[in-house]
Amino acid sequence: MTAGPQDQIIDRRQIAKALLRALEMRHEILDAIVDSDDHAAAVRTVADLLGTTEPNANAVLGLQLGRLTKHERDRLADEVSNLDATLKWLPEQRPFSTGEGVSLRPFGQGKGDTDLFRRRSTEQLGDDGQPWSADRVEDERRAGLRRVDDETAAWFVCERAAGDHSECVGLVFGELSGSEVELAVWVAPEARKQGVGTAAIKQSRPELAAYFPGSIVVVRTPA
């Protein structure tokens, strides 16, 4: 399973921005590293200082001293600018697109997950062009849960951090078809255009790799 071009560009951009910011804050970063008890603590501290992810902070810790130059800062600034020019939208415009604050958990049979599935299903149309009936919605939900039990599907609820709690804002459907897994993501209207869908796709890759090892993930249109 590989990331799409947009995902790859965003990931590279976030690393480049973290490195550039670290060079600009090199004195504070170096002090934080020296004061840390171990590598893991240093990664956490640097991540907090830079407002970035721990993998990006780990890349900062791997930065060689020979790259702490004006030339390197200019090169990274040019790289970020060039990457920005290739993106349809910037991560700052869709703050959850980097994956921070978004998590997945297995879809269950509880009322909250059922209600979320019903919300999603109000946007589904049958062959006659009409919205699904209540019976159709329930049949689809039960059939999906049976496929999950049969290990031919993996469904997840997408949660978004909101203060000291999480909100259920989307659904991820992975359906096994031969050697491929068809992936579809639905995001609740109030959470759209914030990067939640992009984050959900990122988060689903390792999950689906564990459920269906060796399979190829094919991203479909929104669920």
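I looked up glutamate 151 and found it exposed, at 61% relative accessibility. My cut-offs, for a 1.4 Å probe and protein chains only, are buried under 20% relative accessible area, exposed over 50%, and partly exposed in between. The model is predicted, so I note the conditions: local features need pLDDT of at least 70, side-chain atom pairs count only at pLDDT 80 or more, and totals for chains, interfaces and linings use all residues. Residues are numbered from 1 along each chain as its sequence is written, and side-chain values use heavy atoms, with hydrogens and water left out.

**Positive phi**

Most residues other than glycine have a negative phi. Glutamate 151 has a positive one, near 65°. I placed glutamate 151 in the loop between α7 (134-149) and β2 (153-162). Helices here are DSSP runs of H or I with at least four residues, strands are runs of E with at least two, and both are numbered from the N terminus.

Lysine 193 is not a glycine either, and its phi is positive at about 60°. I found lysine 193 in the loop between β4 (180-187) and α8 (196-211). Lysine 193 is exposed, with a relative accessible area of 69%.

**Cysteines**

How many disulfides does the structure hold? I count 0 disulfides. The criterion is a pair of cysteine sulfur atoms within 2.5 Å. The cysteine sulfur closest to that of cysteine 158 is in cysteine 168, 9.0 Å away, and that is too far for a bond. Cysteine 158 is buried at 1% relative accessible area. Cysteine 168 is partly exposed at 34%.

**Lysine 202**

Is lysine 202 buried or exposed? Lysine 202 is buried, with a relative accessible area of 15%. I located lysine 202 in helix α8. Lysine 202 and serine 103 are 99 residues apart in sequence, and their C-alpha atoms are 9.9 Å apart in space.

**Helices α2 and α3**

I checked α2 (residues 26-35) against α3 (residues 39-50): the axes come within 9 Å and cross at roughly 155°. Therefore α2 is roughly antiparallel to α3; the term covers angles over 145 degrees. Axes are lines fitted to C-alpha atoms over the stretch in contact, and angles run from 0 to 180 degrees between N-to-C directions.

Which residues meet? Glu28, Ile29, Ala32 and Ile33 in α2 meet Ala42, Thr45, Val46, Leu49 and Leu50 in α3. Contact means heavy atoms within 4.5 Å. By class, I logged 7 nonpolar, 1 polar and 1 charged residues in this contact. Ala, Val, Leu, Ile, Met, Phe, Trp, Tyr, Cys and Pro count as nonpolar, Asp, Glu, Lys and Arg as charged, and the others, Gly among them, as polar.

How values were computed:
Angles under 35 degrees count as roughly parallel, over 145 as roughly antiparallel, 65 to 115 as roughly perpendicular and the rest as oblique.
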